[in-house]
Amino acid sequence: MTAPNINPEQATSIRTRHDALRNWLKANKRNSYHRDELPIDIDPPSNDELTALELYEWRTDPPDQYFLYINTDARIATTWTGATLGDVCLGREYRDNFGGVRVPVWITGTNGRRYQGTYFKSAGDYARVRKVKTR
């Protein structure tokens, strides 16, 4: 999946709308909502807009650490909606102390940075990674 490229103004608009929704949820002590329950001035962003924002922020302000998903068939790292974040190199899997299966991963991000971390294979298809320090 590829999300459309957005410009800084679009990113600001999506972020503002998303923050307004999160603030409303927090103020009402809620974790979910039905669209009919929202005040008229809150226009929540769609999943496609949130993906575009995530990719925009990934490229313009590369994070030091990240939570992402691993598609082992395609050997790519993705967002939760399947948009590509980078290419993946998988290490040798091992078992942790509780019997779970973990795999070291190295990612060459579409943001020009390299990341390394752990793919929690037995718990799902997610990984936690950190930016590799460069000299």
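1. Ground rules. This is a predicted model, where local features need pLDDT of at least 70 and side-chain atom pairs count only at pLDDT 80 or more, while totals for chains, interfaces and linings use all residues. Numbering starts from 1 along each chain as its sequence is written, and side-chain values use heavy atoms, with hydrogens and water left out.

2. Overall layout. The chain has 2 helices and 7 strands, in the order α-α-β-β-β-β-β-β-β along the sequence. Both come from DSSP runs numbered from the N terminus (helices H or I, at least four residues; strands E, at least two). The C-alpha atoms fill a box of roughly 50 × 35 × 30 Å along the principal axes.

3. Burial. Of the 135 residues, 33% are buried (under 20% relative accessible area; exposed is over 50%, partly exposed in between; 1.4 Å probe, protein chains only). In H2 the buried residues are Thr51, Ala52, Leu53, Glu54, Leu55, Tyr56 and Trp58. Their cover includes helix H1 (8-27) and strands E1 (65-71), E3 (84-90), E5 (101-109) and E6 (114-119).

4. Cores. A nonpolar core here is a set of buried Ala, Val, Leu, Ile, Met, Phe, Trp, Tyr and Cys residues joined through side-chain atoms within 4.5 Å. The largest one has 15 residues, and Leu68, Ile70, Ala77, Val105, Ile107, Ala127 and Val129 have the most contacts inside it. H2, E1, E3, E5, E6 and strand E7 (126-131) each put in at least two residues, with E5 giving the most, 3 residues. Apart from this core lies another, of 6 residues, among them Ala11, Ile14, Ala52 and Leu53.

5. Val105 up close. Contact means heavy atoms within 4.5 Å. Setting aside neighbours within four places in sequence, Val105 is in contact with residues including Val88, Leu90, Tyr115, Tyr119, Ala127 and Val129.

6. Now Arg95, which sits in strand E4 (residues 94-95). Is Arg95 buried or exposed? Arg95 is exposed, because its relative accessible area is 60%. Beyond its neighbours within four places in sequence, Arg95 is in contact with Gly100 and Val101. Arg95 and Ile6 are 89 residues apart in sequence and 41 Å apart in space, C-alpha to C-alpha.
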